[in-house]
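I am opening a notebook page for this structure, and I will write down each thing that I looked up.

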Amino acid sequence: MNVPKAMWWSYLMNVVMGIATLITMLFCIGPLESVLDADAPYLVLFKNTGSDPAAFCLLVLLLFLVFLGNVTALATTSRELWAFSRDKGFPFSHWISRVRTVKNPLIDFH
């Protein structure tokens, strides 16, 4: 019961925070023509802070979050591919679903 509740509340919190972020971006974006003509619209938004170091920190934070999101997506996709292959749902399922054990003398408890 707790996991579905946590999933639902995290979804609701993300919706609220996403709307707040969107409203903030729309009020702070500045002239729309300069943003549409820019190669990096987010950088234009960040430069509207008036501080180049703050814009750089926001850009690094954004890139870090994108990187972590990509790692999460890759991990989720590979897990789903393995689970679906374990159920014989893909071509070459026998090869994809194989799990090899590696004997490591550092963690061998025998």
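In which helix is tryptophan 9 found? I looked it up and found tryptophan 9 in helix H1, which spans residues 2-28; helices (H or I, at least four residues) are DSSP runs, numbered from the N terminus.

Before going further, I noted that this is a predicted model, where local features need pLDDT of at least 70, side-chain atom pairs count only at pLDDT 80 or more, and totals for chains, interfaces and linings use all residues. Residues are numbered from 1 along each chain as its sequence is written, and side-chain values use heavy atoms, with hydrogens and water left out.

**Entry: the surface patch.** Tryptophan 9 counts as exposed because its relative accessibility is 55%, where exposed means over 50% relative accessible area, buried under 20%, and partly exposed in between (1.4 Å probe, protein chains only). I then found Trp9 in a nonpolar surface patch with Trp8, Tyr11, Val15, Ile19, Ile23 and Phe27, which together have about 840 Å² of accessible area. Such patches are made of residues with over 30% relative accessible area and no salt bridge, nonpolar side chains (Val, Leu, Ile, Met, Phe, Trp, Tyr) being joined within 5 Å, and the areas come from the Shrake-Rupley method with a 1.4 Å probe, only the protein chains shown counting as cover for residues.

**Entry: the core.** I looked next for the largest nonpolar core, and its 5 residues are Ile29, Val35, Leu45, Phe46 and Ala55; a core is a set of buried Ala, Val, Leu, Ile, Met, Phe, Trp, Tyr and Cys residues joined through side-chain atoms within 4.5 Å. Leaving aside residues up to four places away in sequence, isoleucine 29 touches Val35, Leu45 and Asn48, a contact being heavy atoms within 4.5 Å.

**Entry: the salt bridge.** How many salt bridges does a search of the whole structure find? The search finds 1, counting a side-chain nitrogen of Lys or Arg within 4 Å of a carboxyl oxygen of Asp or Glu. Lysine 47 forms a salt bridge with aspartate 52, with 2.8 Å between the closest N and O atoms. Lysine 47 is partly exposed at 45% relative accessible area, whereas aspartate 52 is exposed at 52%.

**Entry: around helix H5.** Tryptophan 95 lies in helix H5 and is exposed, with a relative accessible area of 60%. Serine 97 sits in the segment after that helix (93-96), and serine 97 is buried, with a relative accessible area of 16%. I also noted that serine 97 touches Trp82, Ser85 and Arg86, again not counting residues up to four places away in sequence.

Note on methods: Patch = residues over 30% accessible without salt bridge, like charges linked within 9 Å, V, L, I, M, F, W, Y side chains within 5 Å. Helix = DSSP H or I, 4+ residues; strand = E, 2+ residues; numbered from the N terminus.
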